[in-house]
Each structure stands twice: as structure tokens, then as C-alpha cells.
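Subject: Structure handover

Hello,

Here is the structure I said I would pass on. Please open it alongside the sequence; my notes on what was found follow below.

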Amino acid sequence: MFGFGSKKPKTSQPQELNTEFLLSAIVDGVVLVGEDNAIHLFSPAASSISGWAAQEAIGLDFRSVLVITDEHGQPYPPELHPFAQALRTHSTVKNSRGLLSTKGGKLVPISLIVSPVIEDVNKMATGVLGVLRDITSEKLEENRRSEFVSTASHEMRTPIAAIEGYLALVLNPKVATVDNRGRNLLEKAHTATKHLSQLFVDLLTSAKAEDGRLASYPKIIELGEILEQIADAAHFTAQKKGLELKYVLSAGTDVRGGKIVRPLFYVYVDPNRIREVLQNLVDNALKYTAEGTVTVALTGDSSVTQVQIKDTGIGIPEEDLPHLFQKFYRVDNSMTRSVGGTGLGLFISKRVIELYNGRIWVESQDNKGSTFFINLPRLTTEQALQMQKTEASTLSPLGNP
């Protein structure tokens, strides 16, 4: 099924570079899984990381050897296992948030990239190749940095909250009498203090997102419900600015019995986290659009749910696009300076989406508007109902649905 032959080296080479020799020299684990879900190749590094010897692992179902859990130690649902996703979608899946449960039961933080293997004459994928890396040392270093940021942020939030409270009291006409000039200065100080307080909140969130401490409690949700609620709530802000806000559903809308039945887009995410991300993107679109339209769209296919948030705003210069999701990065122009912000919203959004094996990106042209895209793995109605049933059974005190 899989051919791993290599070309003969030049005569000056001291050793024939065969597959076994090359794999033994790679520090990352390499695992080959076929369309039959069986492991066909298991490198020495994969054995070292997982605790499974190659002769034991080869031939077994990948799910019995490569048990991936979330940060709470809960195994990924079968449909959302990175290898299962890559086999189903025939596309590359990346995950650096999971933990590998070794044969001995130890949880090892890993970075995993699973890509389709194209071998047959019809250019069809005949399996997937996974590369896994033990990132324990990187996680420890991240934890040290994040611990410093968290401690500093906590310590500074207390006096800032006190200052904000005192300013609010002084601005209350029932508590103090302030002339117009003094009130104007105090209001500016109060606004700056609230901005600083939000910065500390964002710093804490970004630190937790970096080292895997960001609280996440995923469950099956229908994304259309949340997105529709966000779009409805944003109409008031749009109207105040004289903007049109549209909510567009997939063109695949079905009509049954004279009624429009919208497609259901089930995903496995933390509803609070995904709501924060979507709300942030819609708020940004409204903030950076002076006139025109903001369109919130939901679409997808059998394996992907896609959210699109499009605006007719100021757009993003091409040179800024590669850096947009970096921490503290902000596009420097007159509008961004007047609107303000911490430069952490998109960084946090990217980390949250990646928690659920999703992808976020932007397409934009300067002065011509922007479109932000979010792709999340889509579950069929049958998969969603089965997972909900399993979830309910697990939560039941008697172990019954």
C-alpha cells in the first residue's frame, strides 16, 4: 500500500540512507496511519514519546495507541481526534494543545501535525502521516513566563480598581461637586483607567491562552444560534453609527412544508469562549467601519463550519496582514489610534480557535474593507446527537442516559 523506497546514494556516501535509518535520526515521532485506521509505521521517536514499542503498535487501531486528551485529561471525542479528522477531510490538521496519554498512563504535552499521504495514480489520499513532538520543556518555559505576567497583572489590578472606584465616586454628582473643567479631566482619567484595567484582564487571558491554562469546557453546540444572537445584539450599535448589519445564512437553506429550515452547524467548542471570539470580531468590524455594511455570514460543507465577518471599513495594509494575530500588534493609522485597544484581542481569538482544531485568518485590502474567516470542524446531526447522548450518560450519577 505504501512505498517507502529511497534512491541509491552516491558512492561517496558512507551509509545507505534507507527509511529505517532516516526515521531513527528524526527526533520527532513519525506515525503512518492507513485508510483502515491501522498504524503502518511507528518510528523510534514515536515509541520513546508514547511508550509503545513499534512491534506492538503496528497493526493496531491508532485510537488505541495515540490517546489524545484535552488539558483536563478528557479524551478527544473519536470524530475530533486529529488523525480521524485528517483521514475524513483529507487535509492537514494541526494541534499543539493536546496531551498524549502514554502506555504507562503519563500525560505528555505534544505538538501534532497530521497530513494526507498522496500515493495512488488518481492523486487520492491513501492514509495520513503524523509528526508528533514532546513539548514538555517548551510548556515549562511558557508556564514560567505566564506565571510572571499573571502575578504582575493580579498585583496591579487591585490598585487600578481602587483608583477607578474613587474616580467614579468623584464623578457622581450626589457625592461631589466638580466644575465642568475638572469633570472633563476626571472623565478622561476614568476612561484611561478603565482602558488600563482591560489591558490587565487581556494580559491574564493571553498568558493563560499561551500556556494552556485557559479554562475551556467544550460541548456540542449549534453555532447558528450563538451567531444569530450576536448579530441581533449588534444591530443597535450599527444603527447608532448609521451602518447596515446583515446576517446571512448558508445558501444551502432547505425549504420544507412551506417553511424555511436553516441548516444546522454543530461544533464541539466552549460556547462562552467562542462567543467572546465572535463578539470581538463583530465589535471590531463595527468600530473600524465609518460607513457602509457589516455582514455576518454562516456557511460550510460536510466537514467544515465557516463564519465570515465582512466589513466595508478602512481595510488592512498588505504588509500588516502576516502580523495581525501576533501579541500586541496593532495596525498604525489614524483610526486605530483614535479607537484604541490592547492589541491582544486577535491574538487571544487565534489561540481560542486553535483550541478546537480550527483556523482563523483575514483577507483585506487597504481602504477596501476586510473579511475575517473562522473554520471549525463540523459535526453531522447524527454525530452531534450521539456525542450529546454519550455526554449525558457520563454526567448522569447512575451512568445512564
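Of the 401 residues in the protein, 42% are buried. Please keep in mind that this is a predicted model. The chain forms 12 helices and 16 strands. Taking contacts between residues at least 6 apart in sequence, 61% of them join residues at least 24 apart.

Confidence comes next. The average pLDDT of the protein is 82, and 85% of the residues reach at least 70.

Aromatic pairs

How many aromatic pairs does a search of the whole structure find? The search gives 3. Phe62 belongs to helix α4 (residues 62-65) and Phe83 to helix α5 (residues 82-89), so the pair links distant parts of the chain, 21 residues apart. Phe62 has 1% relative accessibility and counts as buried. Phe83 is likewise buried, at 1% relative accessibility.

Trp361 and Phe373 make another pair. Why is this pair called stacked? The ring centres of Trp361 and Phe373 are 5.0 Å apart and the planes are at 10 degrees, so the pair counts as stacked. Trp361 is in strand β15 (residues 359-364) and Phe373 is in strand β16, and the two are 12 residues apart. Both Trp361 and Phe373 are buried.

Charges over rings

The charged end of Arg359 sits over the Trp361 ring, 3.9 Å from its centre. Elsewhere, Lys103 lies over the face of Trp52, and the distance to the ring centre is 5.0 Å.

Around strand β16

Thr371 is in strand β16, which covers residues 370-377. Is Thr371 buried or exposed? With 12% relative accessibility, Thr371 counts as buried, because the cut-off is under 20%. Leaving out residues up to four places away in sequence, Thr371 touches Gln308, Ile309, Lys310, Trp361, Val362 and Glu363. Trp361 in this list is the residue that pairs with Phe373.

Ile353 is in helix α11 (residues 345-355). Its relative accessible area is 0%, and Ile353 is buried. Which residues does Ile353 contact, leaving aside its neighbours within four places in sequence? They are Ile274, Val277, Gly358, Arg359, Ile360, Ile374, Asn375 and Leu376. For Asn375, which is 22 residues from Ile353 along the chain, the C-alpha atoms of the two are separated by 8.4 Å. Arg359, also in contact with Ile353, has its charged end over the ring of Trp361.

A helix pair

Two packed helices are described by the angle between their axes and the distance between the axes. For helix α8 (residues 223-240) and helix α9 (residues 271-287), the axes come within 10 Å and cross at roughly 35 degrees. The crossing of α8 and α9 is right-handed. On the α8 side, the residues that meet α9 are Leu223, Ile226, Leu227, Gln229, Ile230, Ala234, Thr237 and Ala238. On the α9 side they are Pro271, Ile274, Arg275, Leu278, Gln279, Val282 and Leu286.

Backbone angles

Most residues other than glycine have a negative phi. Two residues are worth looking up here. His90 is not a glycine, but its phi is positive, at about 55 degrees. His90 is in the loop between α5 and β4 (93-95). With a relative accessible area of 39%, His90 is partly exposed. Asn367 is not a glycine either, and its phi is positive at about 65 degrees. Where is Asn367 found? Asn367 lies in the loop between β15 and β16. At 62% relative accessibility, Asn367 counts as exposed.

Regards

Terms used: Residues are numbered from 1 along each chain as its sequence is written. This is a predicted model: local features need pLDDT of at least 70, side-chain atom pairs count only at pLDDT 80 or more; totals for chains, interfaces and linings use all residues. Side-chain values use heavy atoms; hydrogens and water are left out. Helices (H or I, at least four residues) and strands (E, at least two) are DSSP runs, numbered from the N terminus. Buried means under 20% relative accessible area, exposed over 50%, partly exposed in between (1.4 Å probe, protein chains only). Contact means heavy atoms within 4.5 Å. pLDDT is the predictor's confidence in each residue, from 0 to 100. Rings of Phe, Tyr and Trp (its six-membered ring) pair if their centres lie within 6.5 Å; planes under 30 degrees apart count as stacked, over 60 as edge-to-face and the rest as tilted. A charge sits over a ring if NZ of Lys or CZ of Arg is within 6 Å of the ring centre and within 35 degrees of the ring normal. Axes are lines fitted to C-alpha atoms, for helices over the stretch in contact, and angles run from 0 to 180 degrees between N-to-C directions. A crossing is left-handed if the near helix is turned anticlockwise from the far one by less than a right angle, and right-handed if clockwise.
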